[in-house]
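Please prepare a briefing on the structure shown below.

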Amino acid sequence: MTANLRLTILFDNRPSPAGLTALWGFAALIETGERTLLFDTGSNGRVLLKNMTALGLSMASVDQLFLSHPHWDHMGGLDSVLEANPALSVVLHEGFSKHLIQDLHGLCREVIVVGAEPQILAPGLFSSGLLDSQPSEQALILNLGGVTMAISGCAHPGMEQIVERGRLLLGEPISWAIGGFHLMYADSAEIARSVQALQALGVTDVLPTHCTGDAATIAFEQAYGEHCVSGGVGRRLAL
């Protein structure tokens, strides 16, 4: 494993420590040692920046912004992020507004529009490509220093589909499934199927948060034990 890979949740609706604000939405910072990537922006840019400052992090250090899908709770902080760092490269997909994509060209250093096929963003960092869901969504796939991850915003296509896409892309199992699993409205049978599907795909560790829902989070905790990590603003994974 690499000692340089670190993931920090910057924005989440799950309970958070004192000094950090929890609101509905999701954003995470991925630091690889070679680059720093912001995954989504949460719903409120001022809160995102405040949480970053409280965690000793700066938007000026971010190289790239990755937007998973065009819902307010994942891109609501976009204006604040671009104001704080207009030198960003922004990665979004064809499902975003064409007007937004056009406007972004004048607001940041580079715009990368992902289509249906997976796309390499940097060594060991990939977009899953556009996944079939409503709304359309892309996930971030990592393969760094022996660590494989699938990071979702809301997993509207289903976390198992995201993990399977990542497995096919990398040619090896995805160890970590992280982010919103979108099971907050699922019944117990659907939750059980999701847990079993991820286990069958070889996922060894999970960090379910945001829109996963309490019942599903408890199910993952029961299934994965100490290999289920709690979410919430300020949660850090160092691998």
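Which residues form a nonpolar patch on the surface? Trp24, Trp72, Met184 and Tyr185 form this patch, with about 510 Å² of accessible area together. The structure is a predicted model, in which local features need pLDDT of at least 70 and side-chain atom pairs count only at pLDDT 80 or more, while totals for chains, interfaces and linings use all residues. Residues are numbered from 1 along each chain as its sequence is written, and side-chain values use heavy atoms, with hydrogens and water left out.

**Surface patch**

- Patches are made of residues with over 30% relative accessible area and no salt bridge, with like charges joined within 9 Å and nonpolar side chains (Val, Leu, Ile, Met, Phe, Trp, Tyr) within 5 Å.
- Accessible areas come from the Shrake-Rupley method with a 1.4 Å probe, and for residues only the protein chains shown count as cover.
- Tyr185, one of the patch residues, lies in the loop between strand 11 (176-180) and helix 6 (188-200); helices (H or I, at least four residues) and strands (E, at least two) are DSSP runs, numbered from the N terminus.
- Tyr185 is exposed, at a relative accessible area of 71%; buried means under 20% relative accessible area, exposed over 50%, and partly exposed in between (1.4 Å probe, protein chains only).

**Strand 1 and its partners**

- Six of the seven residues of strand 1 (residues 6-12) are buried, so this strand is largely enclosed by the rest of the structure.
- Strand 1 runs antiparallel to strand 2 (residues 26-31), and six bridges join them; two strands pair if DSSP finds at least two bridges between them.
- Within this pairing, Ile9 has Ala28 of strand 2 as its bridge partner.
- Strand 1 is also joined to strand 13 (residues 236-238) by three bridges, again in the antiparallel sense, and Leu7 has Leu237 of strand 13 as its bridge partner.

- Strand 7 pairs with strand 8 (residues 125-127) over three bridges in the antiparallel sense, with Gln119 opposite Ser127 of strand 8.

**Salt bridges**

- The count comes to four salt bridges, a salt bridge being a side-chain nitrogen of Lys or Arg within 4 Å of a carboxyl oxygen of Asp or Glu.
- The side chains of Arg6 and Glu31 form one of them, at 2.9 Å from N to O.
- This pair links distant parts of the chain, with Arg6 in strand 1 and Glu31 in strand 2, 25 residues apart.
- Arg6 is partly exposed at 27% relative accessible area, whereas Glu31 is buried at 18%.
- Arg14 and Asp214 form a salt bridge through their side chains, at 3.9 Å from N to O.
- Arg14, in the loop between strand 1 and strand 2, and Asp214, in helix 7 (residues 214-224), are 200 residues apart, and the pair links distant parts of the chain.
- Glu164 and Arg167 form a salt bridge in which the closest N and O atoms are 2.8 Å apart.
- Glu164 and Arg167 are separated by about one helical turn because they are three residues apart in helix 5 (residues 159-170).

**Buried loop positions and backbone geometry**

- Gly42, in the loop between strand 3 (36-39) and helix 1 (45-54), counts as buried at 0% relative accessibility.
- Leaving aside neighbours within four places in sequence, Gly42 is in contact (heavy atoms within 4.5 Å) with residues including Phe11, Phe26, Trp72 and His74.
- Asp40 is found in the loop between strand 3 and helix 1; its phi is near 60°, a positive value in a residue other than glycine, and Asp40 is buried at 0% relative accessible area.
- His210, in the loop between strand 12 and helix 7, has a positive phi near 50° and is buried at 4% relative accessible area.
- A cis peptide bond, with omega about 5°, joins Gln134 and Pro135; Pro135 is in the loop between strand 8 and strand 9 (140-144).
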